[in-house]
Amino acid sequence: MSTRSECNVRKLRRSGTSSPTGRRLRANWPAELRTNGQKTHCVVMDVSSDGANLIVEGPLSGDAPLWLIVENVGPIAAQMVWQEESRVGLCFLEEQEWVLQVSKQRFDPTAWLESR
């Protein structure tokens with residue numbers, strides 16, 4: 001085993017030490033993408049405060065501005081950063097605080113107890 005100081009292995013992250021904005025929530029939420037007056041049904045597979053991973057019904061134009069519509073959440077301005085067959089990755093134009101709140105409620109036992 002090498003003892004060089006330049007190690008290419010990252011340290012393991014312990015739960016609670018990762019950034020709350022980096023946490024991705026599994027979602028499986030029905031949603032809709034709107035672009036250039038067109039609507040495309042989709043499913044949000046996972047979401048973070050910075051973006052989302054979707055399954056879409058059809059191909060999307062990569063250059064057009066997008067709006068993600070999720071029930072009980074206002075329209076979210078986004079841009080497509082990748083597309084692979086029916087999967088699409090979005091980057092939100094503004095951080096979504098509501099995702100942080102959902103994450104806190106889902107992963108913080110004290111927040112869950114307080115909501116009861």
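How many salt bridges does the count come to by the rule of a side-chain nitrogen of Lys or Arg within 4 Å of a carboxyl oxygen of Asp or Glu? The count comes to 2 salt bridges. This is a predicted model, in which local features need pLDDT of at least 70, side-chain atom pairs count only at pLDDT 80 or more, and totals for chains, interfaces and linings use all residues. Residues are numbered from 1 along each chain as its sequence is written, and side-chain values use heavy atoms, with hydrogens and water left out.

**Overall make-up**

- The protein has 2 helices and 6 strands. Both kinds of element are DSSP runs, numbered from the N terminus: helices are H or I with at least four residues, strands are E with at least two.
- Along the sequence the pattern reads β-β-β-β-β-β-α-α.
- The protein has 116 residues, of which 30% count as buried. Buried means under 20% relative accessible area, exposed means over 50%, and partly exposed lies in between (1.4 Å probe, protein chains only).
- Contact means heavy atoms within 4.5 Å. Of the contacts with a separation of 6 or more, 47% come from residues 24 or more positions apart.
- The accessible surface is about 8800 Å². Carbon and sulfur atoms account for 49% of that surface. Areas come from the Shrake-Rupley method with a 1.4 Å probe; for residues, only the protein chains shown count as cover.

**The barrel**

- The 6 strands form a closed barrel in the order β1-β2-β3-β6-β5-β4, with antiparallel pairing. Its twist averages 45° from one strand to the next. Axes here are lines fitted to C-alpha atoms, for helices over the stretch in contact, and angles run from 0 to 180 degrees between N-to-C directions.
- Two strands pair if DSSP finds at least two bridges between them. Strands of a sheet pair through backbone hydrogen bonds, either parallel or antiparallel.
- β1 (residues 25-35) and β2 (residues 38-47) are antiparallel, with 9 bridges. Tryptophan 29 has valine 44 as its bridge partner in β2. Alanine 31 has cysteine 42 as its bridge partner in β2.
- The hairpin of β1 and β2 has 2 residues between the strands. Asparagine 36 takes a positive phi near 50° there.
- β1 also runs antiparallel to β4, joined by 4 bridges. Arginine 34 has tryptophan 67 as its bridge partner in β4.

**The nonpolar core**

- A nonpolar core is a set of buried Ala, Val, Leu, Ile, Met, Phe, Trp, Tyr and Cys residues joined through side-chain atoms within 4.5 Å.
- The largest such core holds 21 residues. Leu33, Val44, Leu54, Leu68 and Leu90 touch the most other members.
- β1, β2, β3 (51-56), β4, β5 (73-84) and β6 (87-92) each supply at least two residues of this core. β1 gives the most, with 4 residues.
- Leucine 33 touches residues including Cys42, Leu54, Val56, Leu60, Leu68 and Leu90, not counting residues up to four places away in sequence.

**The salt bridges**

- Aspartate 46 and arginine 24 meet through their side chains in a salt bridge, at 2.7 Å from N to O. This pair links distant parts of the chain: aspartate 46 sits in strand β2, arginine 24 in the segment before β1, 22 residues apart.
- Aspartate 46 counts as buried because its relative accessibility is 17%. Arginine 24 has a relative accessible area of 41%, so arginine 24 is partly exposed.
- Glutamate 32 forms a salt bridge with arginine 34, and their closest N and O atoms are 2.7 Å apart.
- Glutamate 32 is buried, with a relative accessible area of 14%. Arginine 34 is partly exposed at 36% relative accessibility.

- Valine 70 lies in strand β4 (residues 66-70). At 7% relative accessibility, valine 70 is buried.
- Valine 70 touches Trp29, Ala31 and Val44, leaving aside residues up to four places away in sequence.
- Threonine 35 belongs to strand β1. Its relative accessible area is 8%, so threonine 35 counts as buried.
- Threonine 35 touches Ala64, Pro65 and Leu66, leaving aside residues up to four places away in sequence.
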